[in-house]
Amino acid sequence: MTSESPAPPPCNACTDREALPFEFTMAFQPIVDVRERRVFAYEALVRGTDGAGAETILRQINEENRYVFDQSCRVKAVELAARLGIGCYVSINFLPNAVYQAATCIRATLEAARRFNFPTRQLIFEITENEELVDKEHLKSIIREYKRQGFKTAIDDFGAGYSGLNLLAEFQPDIIKLDMALVRAVDSDPVRQAIVQGILGVCRALNIEVIAEGVETAAEFALLRGMGIGLFQGFLFARPGFETLPPVDWSALG
């Protein structure tokens, strides 16, 4: 956010979903650790209260409501995670351009965690690489503060955005999630295989965990598992569950 941008509302407005012109809720999709045959995390995915997809909600976001929406998503995800009794990580997408000061804007999340008795050490915050960044230094300061608070950080859709591996030169998250475009039909595409192998090499050197996102076929899974990836998310294992935790199909593991 630049110095010319209008100041966002005070953080005591962060939990006021009535300020939004729409209602929303969350679906949860598991991220599985196939090495230990367990659920590593659940990603909280925005949905309409009638079950409508994320696009229905996201197209209503604008400069006026971006801040309150970002904060409200965090609170809603924590509230539902506590209600569902999630005992592993919960991954929450955030909008870096909606965060004007990380230490201040995290207060609503911390208060929600206290109110609903949800451990903050179980939170992962994801940034989408496609999100247009106003200021990389600003994002670096957010990630530093989140790490100081004990949260894990992740870059979503890695490999699809404007910067690719250059992004890791600016800051090192705990996790990256390979973009679906790299995963789709990777078993039959030597070019995608080479790109993924290169990303994995860099991430191993930097001690960054990799999640293969959007895995739909046993062939995709087998190829990526053979490359050494241990964390997976996609329809092969489970579709998102609307305000619930869907069962995991472990049959791909044999």
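This is a predicted model: local features need pLDDT of at least 70, side-chain atom pairs count only at pLDDT 80 or more; totals for chains, interfaces and linings use all residues.
# Briefing: strands, helices and ring pairs

**L231 and its surroundings**

- L231 is buried, with a relative accessible area of 0%.
- Look for D33 next: it sits 198 residues away from L231 in sequence, yet the two C-alpha atoms are 4.7 Å apart in space.
- Setting aside neighbours within four places in sequence, L231 is in contact with I31, V32, D33, R35, F40, E209, V210, I211 and A212.

**The protein as a whole**

- Take the contacts in the protein with a separation of 6 or more: 70% of them are accounted for by residues 24 or more positions apart.
- The accessible surface comes to about 11,400 Å², and 49% of that belongs to carbon and sulfur atoms.

- The mean pLDDT of the protein is 86, with 85% of its residues at 70 or more.
- Residues 1-18 are another story: their pLDDT is below 50, although beyond near neighbours in sequence this stretch has 30 contacts in the model.

**Aromatic rings**

- To describe a pair of aromatic rings, you give the distance of the centres and the angle of the planes.
- The count of aromatic pairs here comes to 12.
- One of them is F24 with F69, an edge-to-face pair at 5.5 Å centre to centre with 65° between the planes.
- F24 lies in the segment before β1 (25-33) and F69 in helix α2 (residues 66-84), so this pair ties together parts that are 45 residues apart in sequence.
- F24 counts as buried at 3% relative accessibility, and F69 counts as buried at 4%.
- Now try F125 and Y146: their ring centres are 4.9 Å apart and the planes are at 40°, so the pair is tilted.
- This pair also ties together parts of the chain, 21 residues apart in sequence, because F125 lies in strand β4 (residues 123-128) and Y146 in helix α5 (residues 136-148).
- F125 is buried, with a relative accessibility of 0%, and Y146 is buried at 0% as well.
- F125 and Y146 belong to a cluster in which ring pairs link F94, F125, Y146 and F151.
- Rings can have charges over them too: the charged end of R239 sits over the ring of F235, 3.9 Å from its centre.

- An α-helix has 3.6 residues a turn, so residues three or four places apart point the same way.
- In helix α9 (residues 218-226), you'll find E220, F221 and L224 buried.
- Looking down the axis of α9, the buried residues fall within an arc of 95°, so they line one face of the helix.
- What do the buried residues of α9 pack against? Their partners are α7 (180-183), α8 (190-206), β7 (209-213) and β8 (231-233).
- Just after α9 comes G228, with a positive phi of about 110°.

**Helix α4**

- Which residues are buried in helix α4 (residues 107-115)? They are A108, T109, L110, A112 and A113.
- α4 is followed by N117, which has a positive phi near 60°.

- A185 isn't a glycine, but its phi is positive, at about 60°.
- You'll find A185 in the loop between α7 and α8, where it is partly exposed, with a relative accessible area of 30%.
- E243 is a residue other than glycine with a positive phi, near 50°.
- E243 lies in the segment after β9 (241-242) and is partly exposed, with a relative accessible area of 30%.

Notes. Residues are numbered from 1 along each chain as its sequence is written. Side-chain values use heavy atoms; hydrogens and water are left out. Contact means heavy atoms within 4.5 Å. Accessible areas come from the Shrake-Rupley method with a 1.4 Å probe; for residues, only the protein chains shown count as cover. Rings of Phe, Tyr and Trp (its six-membered ring) pair if their centres lie within 6.5 Å; planes under 30 degrees apart count as stacked, over 60 as edge-to-face and the rest as tilted. Helices (H or I, at least four residues) and strands (E, at least two) are DSSP runs, numbered from the N terminus. Buried means under 20% relative accessible area, exposed over 50%, partly exposed in between (1.4 Å probe, protein chains only). A charge sits over a ring if NZ of Lys or CZ of Arg is within 6 Å of the ring centre and within 35 degrees of the ring normal. pLDDT is the predictor's confidence in each residue, from 0 to 100. The arc is that of the directions from the helix axis to the C-beta atoms.
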